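Here is a short briefing on a single structure. Please keep the sequence and the model open while reading.

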Amino acid sequence: MDVNSISNNISTLNTSSSLNLDKIGSSKSVTKTSEDGANLYINEYNKKRDELSSNVQSLNDGIAVTKIAQNSIDKQQGYLKNIQTKLENANSYENKNDLKQSINEDLRNFNQVAYDTKFKRENIIASNYYDDKATIDVNTKSANFSIEKPNTPTYANDIFELSNSLDLNNPEALQALSSKVQSSSNQLQSTYNSFTEFGNKLENNAKETIKEQVNLYNENKTNKDRNFGNDSTDFSKTNINANMGYLAASQANIVQAQSVRLLS
């Protein structure tokens, strides 16, 4: 083989080197692809973050409703306890029917608490014919919670009707009214317990949702620190430089081989 053949081979290798060097320009497209991937991740992150925030807000509203209802029920229990105490001390009245007016005042206060207990202008422990919803609902993207809306004024109304229909001077009538008050108090306690169970479910779900928020935040922080765009670009440049090194080594080996053959 003559010198011209060696020159032609070297020329061919140089052309290949130029083609590989041109690949450096393609790193821009790699960077753009990595940026697109980062943007896609950011969009997904923002969507998930907003979803979790909305879930927590709904759960917080539900928990607030529960606490408001329980606080009002405690007040109502206080009025029933007052009535029960008055019935137990009925012997202090010459005419036990005089108790009725005092009992009715407690019952009016009981109902006032019921109708004053609202959340965002919606009754919580009272309902009437005009109410659109018979339940209290808390809805999130992952779960739905519901509790039947109680109508506590019915307890007071039942006591009122019975009280005004009885002669409290009769010991049996007095005992019947006392039993009715106790029964209403038990029903009210059952309503309180239902709200407690409802609130516990909401709080447990809220804790899990907040954990998801924390994990999502930490994951996003890690990805920001990693910097997808720079990592992808550096990786591509490293590969291109390595390939150029292999090409130079190969070219040197071929020239050396051709020189040995020429001299032999």
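The model is predicted.

**Largest pocket**
- Its volume is about 250 Å³.
- The lining counts 14 residues, and V65, F119, E122, I136 and D137 are the closest to the pocket centre.
- At least two lining residues come from each of helix 2 (27–88), strand 2 (122–123) and strand 3 (135–139).

**T117**
- T117 sits in the loop between helix 3 and strand 1 (118–119).
- T117 counts as buried because its relative accessibility is 4%, and the cut-off for buried is under 20%.
- Beyond its neighbours within four places in sequence, T117 contacts I68, S72, E122, N123, I124 and I125.

**Helix 3**
- Helix 3 covers residues 99–116, 18 residues in all.
- From first to last C-alpha, helix 3 reaches 26 Å, close to the 26 Å expected at 1.5 Å a residue.
- Buried residues of helix 3 include the charged K100 and D106, and also L99, I103, L107 and F110.

**Helix 4**
- Helix 4 has 13 residues (153–165), which should span 18 Å at 1.5 Å a residue. The end C-alpha atoms of helix 4 are 18 Å apart, in agreement.
- P153, Y155, A156, I159 and S163 are the buried residues of helix 4. They lie on the same side of helix 4, because they cover an arc of only 155° around the axis.
- E161 and S165 are exposed on the other side of helix 4.

Note on methods: Residues are numbered from 1 along each chain as its sequence is written. This is a predicted model: local features need pLDDT of at least 70, side-chain atom pairs count only at pLDDT 80 or more; totals for chains, interfaces and linings use all residues. Side-chain values use heavy atoms; hydrogens and water are left out. Helices (H or I, at least four residues) and strands (E, at least two) are DSSP runs, numbered from the N terminus. The expected span of a helix is 1.5 Å times one less than its number of residues. Buried means under 20% relative accessible area, exposed over 50%, partly exposed in between (1.4 Å probe, protein chains only). The arc is that of the directions from the helix axis to the C-beta atoms. Contact means heavy atoms within 4.5 Å. On a 1 Å grid over the protein atoms alone, a cavity is a set of points where a 1.4 Å probe fits but cannot get out, and a pocket is an open set with protein on both sides within 12 Å along at least five of seven lines; lining residues have an atom within 4 Å of a point. Grid points are joined across faces, edges and corners, and a volume is the space filled by probe spheres set on the points.
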